Amino acid sequence: MSERPNRRPSSPSRRSGWLRPPGPAATPPSESPSPAPPARESVIDSAVYRDGRRVASPTTLADTFRLLREQPDGMAWIGLHRPTESQLHSLAAEFDLHPLSIEDALEAHQRPKLERYGDTLFVVLRAARYLDALEEVDFGELHIFVGPDFLITVRHGAAPDLTTVRRRMEETPDLLSLGPEAVLYAILDAVVDGYAPVVAGVQTDMDEIETEVFRGDPEVSRRIYELSREMVEFQRATRPLVGMLHGLMAGFAKYGTDEELQRYLRDVADHVTHTSERVDGFRQALTEILTVNATLVSQQQNAEMRALAEAGFEQNEEIKKISSWAAILFAPTLVGTIYGINFSSMPELSWHFGYPFAILLMAVVCVSLYVIFKKRDWL
C-alpha cells in the first residue's frame, strides 16, 4: 500500500485501480429520513488498520481522524448507523466527500447506484432480510464511501449486519491488506448473500399462496398484492446491482485489479444475476397466480349466482302451487260466505234445491280453477 496522501482538494490524489466513472445520478426523493439516534450510538465501530491488522479502535470520529493521520500507510474503516448531520459533515470535511453524496446519505431512500467523486467512490446498496414471524421482507439501505485510505459505511435500517463482515475480514489480514476496495467487495458479497434467505422465504410464501388460491381462501388476494409489492422493492434492490458489478468488472484489465478481488467480484456478480432472475420469475408467477385467483373467484361467484337463481326459481314454483291451492280453496269459501249473509229476501234460501246448487257451484268453480292451473303447470 502506498503512502497515505493528503486529502485536501489541492493536493495530489491516489487513483484506486477499480474506480470507474459514475453512472447517472438518481434524483433524491423528498421523503424525510427517520430520526437519527444520538451521535455516540451512531458510531457502531471505528478502527484503523495497517497491513490488514487492526492497530487502533478509537471511540470517536475525531480520534479516528487523528490516529489515521499518525498512520501513513493505514486505513480507516468507520461504521455508522443513521448518523447525525454534524457527523456526516465532519466526515465530509476530513475526507473531502462530495456534498451530493452527503445529501444522499442524509436523506436515504436511494436506489442502488455507484458514483465516483474524484478519488472517492460512493455506493448505495439495498439489503434485505426475511422476517419469518411476519412472513414479509424487510429492506435496509447502506451507503458506502470508499477512498484511497478509508471506507465509511452509513446504514439505514436493520440490514445488513456488517459485524460479521468486519470479523471475517479481520480474520484474513492478507485480504484486508488489499485496501478499501477489498472491504467493499466483502460488503457486496454479504449483501448479495443476504438475498438467498429472502428468496427461500418468498418461495415458501409462493407455495403457500398457490395452496390458498385453489383452496378458495378469501384473504389470499391481499397476500398476493402485498408480496407483489415486496417483489417490486426486491427488483429495485437487485436489478441495478447487475449493471454496477459488470461496470466494476469492465475495469479489471484497465486498472490492474488484484486477481483475488476479481474472483471475489465475479462470484458476487453470478449470485446477484441469479437472484435477479429469481425475483423476475417471482413477479411473473405472482401475476399469473393473481389471474388464476381472479378466474377462480369469478367462477365461484357465478356458481353462487346460479345457485341463488335456482333457489329463486324453486321458490317461485312453490309460491305458484301455494297460490293455486289458495285460489281453489277460496272459491267455496266465497260461495259459503255469500249464503251465510242471512238476508230474508234471498230467493235461494227457500228453494228446495238451493243447498245442492251451492255445493255444485263450489265444485264447478274448484274443478275449473284446478284445470286452468294444471294447464299452466302451476300444479
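Modeller: The protein exposes about 20,400 Å², with carbon and sulfur atoms supplying 56% of it; such areas come from the Shrake-Rupley method with a 1.4 Å probe, and for residues only the protein chains shown count as cover. This is a predicted model, where local features need pLDDT of at least 70, side-chain atom pairs count only at pLDDT 80 or more, and totals for chains, interfaces and linings use all residues. Residues are numbered from 1 along each chain as its sequence is written, and side-chain values use heavy atoms, leaving out hydrogens and water.

Colleague: What share of the residues is buried?
Modeller: Buried means under 20% relative accessible area (1.4 Å probe, protein chains only). Here 42% of the 379 residues are buried.

Colleague: Which side chain of opposite charge is nearest to Arg116?
Modeller: A salt bridge needs a side-chain nitrogen of Lys or Arg within 4 Å of a carboxyl oxygen of Asp or Glu; Lys and Arg count as positive, Asp and Glu as negative, and His and the chain ends are not counted. For Arg116, the answer is Asp119 at 4.4 Å, so this buried residue has no salt bridge. A polar atom of the Arg116 side chain does lie 2.6 Å from the backbone oxygen of Gly118.

Colleague: Is His143 buried or exposed?
Modeller: Buried, with a relative accessible area of 0%. Taking contact as heavy atoms within 4.5 Å, and leaving aside neighbours within four places in sequence, His143 touches residues including Asp104, Phe122, Ile152 and His156.

How values were computed: Buried means under 20% relative accessible area, exposed over 50%, partly exposed in between (1.4 Å probe, protein chains only). A polar contact is a pair of N or O atoms within 3.5 Å; within protein, one must be able to donate a hydrogen and the other to accept it, and residues adjacent in sequence count only if both atoms are side-chain atoms.
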